[in-house]
Amino acid sequence: MGAGRLTASEEETQAVARELSATLRAGDVVLLSGDLGAGKTTFVRGLAEGLGIDPREVSSPTFTIVHEYRGLGLTLYHADLYRLESAATDDLGLEEIGVNDGVLAIEWPDRLSHELPGARVVRLEMVTDSSRRITIGPADAGPDDRR
Ligand code: ADP
Ligand code: MG
């Protein structure tokens with residue numbers, strides 16, 4: 001995983017996300033970074049599929065900052081912080097979202113004013129029009145187990 005996976009289509013990117021979704025538990029956070037058009041929202045559709053949610057429900061949150069999609073098991077919370085100043089992310093209470101019943105996926109996590117310990121870090125890079133490199137990092141070390 002360190003070198004990243006190359007996908008050649010939207011479907012392949014969703015398949016990588018489905019694989020990741022199989023490892024997710026309630027309270028998990030997935031941070032999605034990458035430029036506009038890199039495939040962050042596409043990746044969230046794959047997470048949705050993996051959690052038993054209709055991927056067509058997933059859209060780019062515009063005025064709603066956090067969307068909620070209820071599946072059969074875990075609920076998927078989807079936040080897009082693109083339009084937010086980092087100070088404003090303090091008020092969202094993202095730490096509390098999803099801890100009981102769901103998974104939280106965050107686009108543009110660089111807007112966060114503080115870290116979310118334990119989050120999975122997914123980085124998407126545009127290689128060509130139709131291919132993307134996806135690097136899935138280990139869970140971010142929390143303050144306690146940082147070396
Ligand atoms: P973001 O949320 O990062 O701005 P989107 O997921 O909304 O990006 O859009 C990604 C765009 O790139 C879509 O139009 C999608 O069809 C296109 N695309 C082309 N190739 C890929 C690929 N390999 N993986 C994901 N998306 C791809
Ligand atoms: Mg998006």
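Is S60 buried, partly exposed or exposed? S60 is partly exposed, with a relative accessible area of 41%; here buried means under 20% relative accessible area, exposed over 50%, and partly exposed in between, using a 1.4 Å probe and protein chains only. S60 sits in the loop between helix 2 and strand 3 (66-69), where helices (H or I, at least four residues) and strands (E, at least two) are DSSP runs numbered from the N terminus. S60 and T42 are 18 residues apart in sequence and 9.4 Å apart in space, C-alpha to C-alpha.

The structure is a predicted model, in which local features need pLDDT of at least 70 and side-chain atom pairs count only at pLDDT 80 or more, while totals for chains, interfaces and linings use all residues. Residues are numbered from 1 along each chain as its sequence is written, chains are lettered from A and ligands numbered from 1 in the order in which they are written, and side-chain values use heavy atoms, with hydrogens and water left out.

Strands form an open sheet of seven, in the order 1-7-6-2-5-4-3 with mixed pairing; two strands pair if DSSP finds at least two bridges between them. The edge strands, strand 1 (5-7) and strand 3, each pair on one side only. Inside the sheet, strand 2 (residues 29-33) and strand 5 run parallel and are joined by four bridges, and V30 has A105 of strand 5 as its bridge partner.

Now to the metal. The magnesium ion (ligand 2) is coordinated by T41 (OG1) and E107 (OE) at 2.1 to 2.2 Å. Donors are N, O and S atoms within 2.8 Å of the metal (3.2 Å for Na, K and Ca), and sites may look incomplete because water is not among the atoms. This pair links distant parts of the chain, with T41 in helix 2 (residues 40-50) and E107 in strand 5 (residues 102-107), 66 residues apart. Both count as buried: T41 has a relative accessible area of 12%, and E107 is at 3% relative accessibility.

Ligand 1 is surrounded by 18 residues, the closest being E10, T13, G37, K40 and T42; a residue is near a molecule or strand if one of its heavy atoms lies within 4 Å of it. An N or O atom in the side chain of K40 is 2.7 Å from an oxygen atom of ligand 1. A polar side-chain atom of R132 lies 2.9 Å from an oxygen atom of ligand 1, and a polar backbone atom of S130 is 3.0 Å from a nitrogen atom of ligand 1. A polar contact is a pair of N or O atoms within 3.5 Å; within protein, one must be able to donate a hydrogen and the other to accept it, and residues adjacent in sequence count only if both atoms are side-chain atoms.
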